[in-house]
Amino acid sequence: FTYLMLLVALVWNSQAEGADLERLTGNIRALSTSGARLAGYPGDSLAADLVEEALREAGVEGLKREPFDVVVPIDRGAWLELGDAGEKIELISLWPNLVRTNTTGPEGIEGELFYGGSGEFGQFDGYQMEGGLVLMEFNTWNNWINAASLGARGVIFIAPEQTTIFEARQKWHWAPLEIPRFWMEREAGLALRERLEEGSVWARVRARMDWEWHETWNIWGIIPGSDPELRDQLR
């Protein structure tokens, strides 16, 4: 998000007569279609390259990268297995609950999978919540906690057509709650939702997410001043 806003500002301000919308759109597309921009993921270095290039083109002088290490959760893969037929659907792990990642262990977690809609309590009527797995819509604020409070073992969210960072921030908790949460791509999620409208199915989720040290960067530079007397003062 920070990289994105910085690029928007740089491209806009670098055009005296207005923004180069084609270039701006290209930068946004490049940043938003290259996976996670968290340290340890390929999108991080891509974003850093784009930011550095944009700063250089905007006239920022003395650019340098300052590396530093951070601890981040790395998604090593997650899958939903349906029934006994071996059908598998790829999932993406969401941000950990405090220190508790979405790792399930090699045996996974299994239970009755059903569609919980927006996660209101009434939508769970008729299902065995204790030990169950819930498929929910993503834009449902923090209603996944309703499922957790009733004993669900995991929650899978269907990717929405559009969402906000505020919705995403509601999908994890400051307490290390023992309930893995996952993102399922929209096409697969809608197909599964239609299937679950006919009744629940037995399912298993397997996931691995590790805390690891990875390098990322601060990018430093100097914006030249315009005042002839003050331009060389750094503060």
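Start with charges over rings. The charged end of R65 sits over the ring of W217, 5.2 Å from the ring centre. K171 does likewise with F157: its charged end is over that ring, 5.7 Å from the centre. Keep in mind that this is a predicted model.

Now rings with rings. How many aromatic pairs does the structure hold? There are 5. Take F114 and F124: they pair edge-to-face, 6.3 Å centre to centre, with 75° between the planes. F114 is in strand β3, and F124 is in the loop between β3 and β4, so the pair ties together parts 10 residues apart in sequence. Are these two buried or exposed? F114 is buried, at 1% relative accessibility. F124 is buried too, at 3%. Together with Y127, F114 and F124 form one aromatic cluster.

Next pair: F138 and W183. Their ring centres are 5.1 Å apart and their planes are at 70°, so this pair is edge-to-face. It links distant parts of the chain: F138 is in the loop between β4 and α4, W183 is in strand β6, and 45 residues separate them. F138 is buried, with a relative accessible area of 4%.

Now the surface. A nonpolar patch of about 830 Å² is made by V71, W95, L98, V99, W174, W211 and W213. Two of its members, V99 and W95, lie in the loop between β2 and β3. V99 is exposed, at 58% relative accessible area. W95 is partly exposed, at 38%. Beyond its neighbours within four places in sequence, W95 is in contact with L38, P73, W172 and R181.

Terms used:
Residues are numbered from 1 along each chain as its sequence is written. This is a predicted model: local features need pLDDT of at least 70, side-chain atom pairs count only at pLDDT 80 or more; totals for chains, interfaces and linings use all residues. Side-chain values use heavy atoms; hydrogens and water are left out. Patches are made of residues with over 30% relative accessible area and no salt bridge: like charges are joined within 9 Å, nonpolar side chains (Val, Leu, Ile, Met, Phe, Trp, Tyr) within 5 Å. Accessible areas come from the Shrake-Rupley method with a 1.4 Å probe; for residues, only the protein chains shown count as cover. A salt bridge is a side-chain nitrogen of Lys or Arg within 4 Å of a carboxyl oxygen of Asp or Glu. Helices (H or I, at least four residues) and strands (E, at least two) are DSSP runs, numbered from the N terminus. Buried means under 20% relative accessible area, exposed over 50%, partly exposed in between (1.4 Å probe, protein chains only). Contact means heavy atoms within 4.5 Å. Rings of Phe, Tyr and Trp (its six-membered ring) pair if their centres lie within 6.5 Å; planes under 30 degrees apart count as stacked, over 60 as edge-to-face and the rest as tilted. A charge sits over a ring if NZ of Lys or CZ of Arg is within 6 Å of the ring centre and within 35 degrees of the ring normal.
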